[in-house]
Amino acid sequence: LGQQLSIIHISALLTVAGYSINDTIVVFDRIREIIKSRSGNIRDIMNEASSIALSRTLITSLTTLIPMVALFFFGGPSMKEFSLPIVIGIIVGTYSSIYIASPLVLWYARKTGKSLHRQVLDNVERAAAAKPAATA
């Protein structure tokens, strides 16, 4: 955007990366929960999980976006330098968490021929077996 890359931009990029990763984890966690509870077409499961996570993701994004837009318009030069990458990152990160992450995983699974449903259930079983027994 014609600005010199500074530590402020790096902090904004790292903030957005963490924010986007968190949103993606929420979507994948919903997919895992639905797969554990029932079987079905993995594409339908991913669509349902994305729909469930959509309202939470949009509310979180808007809650963060509103103050960042206010900082951009009413803040000083350093605040504008920080808030612009955050605003762009929130928009791109929210879009990618909902509309890109799940289809990308589905495409990869189909390309490799691996069953996502089986992999998730195997990982859940492995995690349950690795959990130490509760002691009294």
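Buried means under 20% relative accessible area, exposed means over 50%, and partly exposed lies in between (1.4 Å probe, protein chains only). The model is predicted, so local features need pLDDT of at least 70 and side-chain atom pairs count only at pLDDT 80 or more, while totals for chains, interfaces and linings use all residues. Residues are numbered from 1 along each chain as its sequence is written, and side-chain values use heavy atoms, with hydrogens and water left out.

**Exercise 1. Describe the aromatic pair of Phe72 and Phe73.**

Step 1: Recall the rule. Rings of Phe, Tyr and Trp (its six-membered ring) pair if their centres lie within 6.5 Å; planes under 30 degrees apart count as stacked, over 60 as edge-to-face and the rest as tilted.

Step 2: Apply the rule. A search of the whole structure gives two aromatic pairs. Phe72 and Phe73 form an edge-to-face pair, with 5.3 Å centre to centre and 80° between the planes.

Step 3: Check the surroundings. Phe72 is partly exposed at 27% relative accessible area, whereas Phe73 is exposed at 57%.

**Exercise 2. Classify the pair of Tyr95 and Tyr99.**

Step 1: Read the geometry. The pair is tilted, with 5.3 Å centre to centre and 40° between the planes.

Step 2: Place the residues. Tyr95 and Tyr99 are four residues apart in helix H3 (residues 77-99), about one helical turn. Helices here are DSSP runs (H or I, at least four residues), and strands are runs of E, at least two, all numbered from the N terminus.

Step 3: Tyr95 is partly exposed at 49%, and Tyr99 is partly exposed at 48%.

**Exercise 3. Which salt bridge does Arg38 make with Glu48, and where do the partners lie?**

Step 1: Start with the cut-off. A salt bridge is a side-chain nitrogen of Lys or Arg within 4 Å of a carboxyl oxygen of Asp or Glu.

Step 2: Find the pair. Five salt bridges turn up in a search of the whole structure. In one of them, the side chains of Arg38 and Glu48 meet at 2.1 Å, N to O.

Step 3: Locate the partners. Arg38 lies in the loop between H1 and helix H2 (42-74) and Glu48 in helix H2, so the pair ties together parts 10 residues apart in sequence.

**Exercise 4. Is Ser102 buried or exposed?**

Step 1: Read its accessibility. Ser102 has 3% relative accessibility and counts as buried.

Step 2: List its contacts (heavy atoms within 4.5 Å). Not counting residues up to four places away in sequence, Ser102 touches Val27, Phe28, Ile31, Met46 and Ser50.
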